[in-house]
Amino acid sequence: MASSSDVTSSADHTPENPESGSVSEASEPTEGPARRGRVRARRAAVMAVPATLVAGALAVLTAEGALGVQFAISGMPFTVTATELNGTGFEQFGGLDSMAPGSPNEGDTGGQVLIVTSAIKNATLTKLCQSVDLGGTNLLITAGSGAEKVSASDLTTDSTELSGDAAFNNIEIGNDASTLTKAGVKGPIGVFSQQADTVRIANLRQTNYATTAGVFKLPGLKLGFSSKGC
């Protein structure tokens, strides 16, 4: 998270090739990229639906149409865990992250990752752990294990897998993402979303591709290499 709110459940979704079997796209090749983007955006919205049923993990943002991507993701996922997350102002919706052109990590994804985008206006996390597998060894970061918790404002993360025990206050499910108000973030119009006044997540675990925050405080920060991740 240093480099870099509760929904659950894992998903390893790979969007279908939007170009296959499409007569209209074949007859109008100049509209291919734009149409491909629209189809993927619709599928991203659909993929967000099951996430709302398991929703509650560490917030997610930085997807296109949310804050507007300010950086290309590396394409290397990282694990984040915490014994407890508490947040005020929670939002969540589907989105896409993009890697830099020609990234060696794009595989058969075309350089795009389907993610669940969430945001928390203000959050605290207890016993935060983050690890990224570098191939045989892990870069490990821990913080907030003492009396002082990790805290963040305008916290956003993009996740493909989220789990934990979640509780929400005044939750709204089925909003249009462009009308969200709880965390100060508006998603793409026509995209399924949810929001709540507060969120609490116990035993948080998620797989992220990006994290941003306005302010991120990491008391007791420790960084090093380890044979085991979080």
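Which residues touch the most other members of the largest nonpolar core? In this predicted model, where local features need pLDDT of at least 70, side-chain atom pairs count only at pLDDT 80 or more, while totals for chains, interfaces and linings use all residues. Residues are numbered from 1 along each chain as its sequence is written, and side-chain values use heavy atoms, with hydrogens and water left out.

The residues in question are Leu-85, Ile-120, Leu-125, Val-199 and Leu-204, within a core of 18 residues; a nonpolar core is a set of buried Ala, Val, Leu, Ile, Met, Phe, Trp, Tyr and Cys residues joined through side-chain atoms within 4.5 Å. Among the elements that give two or more residues to this core are β1 (78-98), β2 (112-126) and β5 (150-169), and β1 gives the most, with five residues. Strands here are DSSP runs (E, at least two residues), numbered from the N terminus.

Strand β2 is mostly covered, with eleven of its 15 residues buried, where buried means under 20% relative accessible area, exposed over 50% and partly exposed in between (1.4 Å probe, protein chains only). Strands pair if DSSP finds at least two bridges between them; β2 pairs in the antiparallel sense with β1 over 14 bridges and, also antiparallel, with β5 over nine bridges. Glu-91 stands opposite Ala-119 in β2, whereas the bridge partner of Asn-122 is Ser-153 in β5.

Phe-90 counts as buried at 0% relative accessibility, and Phe-168 as partly exposed at 23%.

How values were computed. Helix = DSSP H or I, 4+ residues; strand = E, 2+ residues; numbered from the N terminus.
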